Amino acid sequence: MARELRRRTPEELLLEAQAEETSARTGRLKIFLGYASGVGKSFRMFDEARRRRERGEDVVVAAVQPVMSGEVVELLKNLAVIPLRTAGEETAIDLNAVIARHPGVCVIDGLAYDNPAGCRNPTRWQDVDEMLRAGISVITSINIQYVAEMRQLIESVTGKRVTPTVPMSFIQSADEIEIVDAPPEEPIERSPEQQMNAVKREQRLSRLRELALVLAADVVDHQLTEYLRCHGIQQHFSTNERILVCITPRANVHEMIETGRSIAEKFHGELIGAYVHQPHISAADQAALDQKLTMARSAGASIEILHGEDPVDAILHFARARGITQLFIGHSQRDGLWSRLLGNPVDKFIHRSRGMDVRIFPQ
Amino acid sequence: MADQRTGKLKIFMGYAAGVGKTYQMLEEAQELRAQGVDVVVGYFEPHGRKDTIARSEGLEFVPRKKVDYRGSCFEEMDTDAILARHPAVCVVDEFPHTNVPGSERLKRWEDVQRLLDAGIDVLATMNIQHLESLNDQVWQITGIRVRETVPDWVVQQADQVVMVDVTPRALLNRLERGVVYGREKAERALQNFFRESTLVALREMALRQTAHEVEHRSLAEPADAWAGHGAGGHPGTHHRILVLVTADPETAMLIRRAKRVGDFLDAECFAVTVQASGNLNGLPESAREAIERHLNFARNLHIETRILVGDEVAMALVDFARRNQITQIFLARPRQRDWRSLYGRDLIQRIVGLARDMQVVIVSEREPVAGVTG
């Protein structure tokens with residue numbers, strides 16, 4: 001196996017140190033992600049609990065939903081349960097009891113809850129974190145609505161305000177994530193008005209479903225990057241579209257960024273703008289450049305300033321390191337600064353861009 | 001085409017054998033049966049998996065058809081028998097399967113089209129690696145050229161696509177316990193499709209594709225509330241894509257990629273070849289065959305094709321592009337070993353130089369990640 005092994009860069013060492021910190025958690029976290037209640041997350045999770053128990057694991061249930069389906073009630077009959085503590089109308093996991101009991105696996109149906117006042121942790125996901133650090137593995141469930149970073153988007157879709165949330169970083173720290181996917185029930189035809197509402201509801205659910213699938217894909221992508229990094233593999237799998245727009249003072253950045261944004265959006269991919277630092281640049285060029293960088297930023301591109309003797313080298317080196325799949329260049333570069341330095345950069349880019357597409361834009 | 005059809009297609013999408021597609025499909029079939037729906041199993045591949053076989057109990061099976069080929073007997077789905085039986089719903093495992101030569105239709109998905117046309121609803125299973133437009137990425141990830149592919153438009157026509165998900169770790173556990181394959185086959189499987197990194201990558205692709213299918217469907221519906229929503233596109237940026245077809249082997253990859261980008265951007269796609277005579281007759285046998293094959297391939301992916309008349313490729317191509325409001329021209333990147341021959345490079349430079357009002361995309365072949373082929 002001809003995998004490229006090499007020395008780690010300082011950034012990578014830093015990332016590894018951070019990863020080791022998360023691995024101070026000795027319990028494993030598995031999350032079942034859904035896009036709405038009623039898609040069957042609880043059943044899937046408790047069914048896994050049953051299978052684990054049958055394989056001899058020490059499984060304890062520490063949280064159930066207030067309303068359960070008959071199938072779930074049936075599964076729970078054969079599982080040990082530590083009941084929730086109640087404070088008025090609010091409930092919380094009996095964290096001390098779980099830690100004291102110290103099961104191999106703890107099952108928590110519903111991760112996004114705020115704890116009542118007086119609990120050690122303000123939120124349930126922090127309770128889970130504590131269990132993981134104590135060496136207890138956790139399997140738990142969450143709906144996309146309750147991921148903090150999704151809140152704004154979800155609210156724009158559902159029109160409802162979401163209160164208890166779980167940070168994305170916690171979701172991403174899961175050792176395993178599994179999506180429970182099922183299309184929304186088809187609307188049953190009734191009056192035209194009811195029908196219209198049903199269609200709208202279905203569209204809302206479809207949008208949530210799409211978001212959940214993309215979130216799961218992003219978490220998986222994160223795991224893939226980690227996996228490749230840990231194994232010292234420098235290459236990327238182009239599982240996701242990553243677009244790099246080369247920004248120069250004279251390039252038609254507007255069209256490049258617009259196209260990049262639209263492709264990135266459709267593919268749920270990433271958009272990056274890069275500029276190779278040039279030492280002797282005129283004031284006019286500098287102003288044009290600043291304006292273009294601002295435009296790219298406001299379109300949602302992340303910006304990288306690269307350094308290097310040879311701009312083409314600098315761009316391609318960065319592109320490979322980041323797993324870029326599409327490189328956007330302007331062919332105004334032919335008449336500009338770069339061509340004076342390099343001859344024909346378009347030809348050079350194409351020649352050396354193995355494994356990625358090059359999109360050449362008119363001036 | 002979709003309008004005349006009355007049968008509905010639901011695809012259970014997975015990323016590897018053993019994720020539970022067939023199980024979930026049979027479970028749905030059982031639920032339908034319990035509701036009194038007339039459901040039959042048209043084709044089921046048990047792979048000797050106990051749980052899955054148990055889920056099929058009590059369902060009506062339409063016996064498979066025996067097909068003789070070179071002295072061996074193969075079993076295929078009996079489409080005619082299913083049509084005669086005419087159930088409300090038919091269960092069809094392994095949607096991308098290629099039928100044995102001598103069968104009426106080449107592919108099982110074509111058999112399914114027949115069932116749908118006859119008004120029969122179909123539940124079917126497939127893995128992401130069989131989607132045509134991902135063929136090159138799958139090759140890059142796995143080092144394997146998947147031959148049994150389903151054109152994207154077939155999947156797009158499905159009424160629903162559902163992701164059947166399981167984590168790679170759980171899948172590898174199943175594999176090691178011998179649930180998915182027998183011992184020997186499992187070891188072989190672990191060598192390629194079942195490396196953990198491969199599974200993670202394929203899973204990500206399946207999730208993204210399913211998300212795309214969901215988005216595609218919700219946008220296709222009457223969507224007053226969603227008009228102008230982020231994913232809805234921007235008025236005035238309607239794209240039209242032109243692909244240059246040549247005899248070079250990378251043309252297939254180019255067509256797939258252009259079509260995939262086109263589908264995501266909602267762009268129309270055209271594929272053309274430029275010939276001085278306006279036809280392929282004067283070409284050497286091998287070149288003619290290759291170009292015909294590529295044009296056919298494009299048509300099978302629902303791309304309109306044309307043979308342009310012209311002595312000079314770049315000029316004829318750009319001229320056609322301009323007359324047809326093309327916004328993007330897709331060309332294959334010359335192979336590394338052909339780089340010294342100036343023709344390919346020169347052609348690109350000529351086209352870029354002439355098409356100053358369009359975007360030109362140079363598509364590069366994806367090569368397997370180091371280690372995956374070892």
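How many Å separate the centres of domain 1 of chain A and domain 2 of chain A, taken over C-alpha atoms? In this predicted model, those two centres are 44 Å apart, and the domains in question cover residues 25–181 for domain 1 and 242–361 for domain 2 of chain A.

**Domains of chain B**
- The domain assignment of chain B places domain 1 at residues 9–220 and domain 2 at residues 234–363, and the C-alpha centres of these two domains of chain B lie 33 Å apart.
- Between the domains of chain B, 7 residues of domain 1 are in contact with 9 residues of domain 2.
- On the side of domain 1 of chain B that touches domain 2 of chain B, the elements giving two or more residues are α5 (135–142) and α6 (152–157) of chain B.
- Sorted by class, that side of domain 1 of chain B has 2 nonpolar, 2 polar and 3 charged residues.

**Where chain A touches chain B**
- Contacts between the chains involve 54 residues of chain A and 56 residues of chain B.
- On the side of chain A that touches chain B, at least two residues each come from β8 (176–179), α8 (192–230), α9 (253–267), α13 (345–352) and β13 (357–361) of chain A, and of the elements there α8(A) gives the most, with 17 residues.
- The make-up of this side of chain A is 24 nonpolar, 14 polar and 16 charged residues.
- The two chains are also linked through strands, with 3 bridges joining β13(A) to β13 (residues 359–363) of chain B in an antiparallel arrangement; within this pairing, A:Arg359 has B:Val361 in β13(B) as its bridge partner.

- In soluble globular proteins, nonpolar side chains tend to be buried together.
- The largest nonpolar core in this model has 123 residues, and those with the most contacts inside it are A:Leu33, A:Val107 and A:Ala216.
- Apart from its neighbours within four places in sequence, A:Val107 is in contact with A:Met45, A:Phe46, A:Ala49, A:Val59, A:Val61, A:Ala62 and A:Ile139.
- A second, separate core has 72 residues, and A:Ile263, A:Leu327, A:Val346 and B:Leu295 are among them.

How values were computed
Residues are numbered from 1 along each chain as its sequence is written. Chains are lettered from A and ligands numbered from 1 in the order in which they are written. This is a predicted model: local features need pLDDT of at least 70, side-chain atom pairs count only at pLDDT 80 or more; totals for chains, interfaces and linings use all residues. Domain bounds come from an automatic or database domain assignment. Two residues are in contact if their C-beta atoms, placed from the backbone, lie within 7 Å. Helices (H or I, at least four residues) and strands (E, at least two) are DSSP runs, numbered from the N terminus. Ala, Val, Leu, Ile, Met, Phe, Trp, Tyr, Cys and Pro count as nonpolar, Asp, Glu, Lys and Arg as charged, and the others, Gly among them, as polar. Two strands pair if DSSP finds at least two bridges between them. A nonpolar core is a set of buried Ala, Val, Leu, Ile, Met, Phe, Trp, Tyr and Cys residues joined through C-beta atoms within 7 Å. A residue is buried if 20 or more other C-beta atoms lie within 10 Å of its own, exposed if 12 or fewer, and partly exposed in between; C-beta atoms are placed from the backbone.
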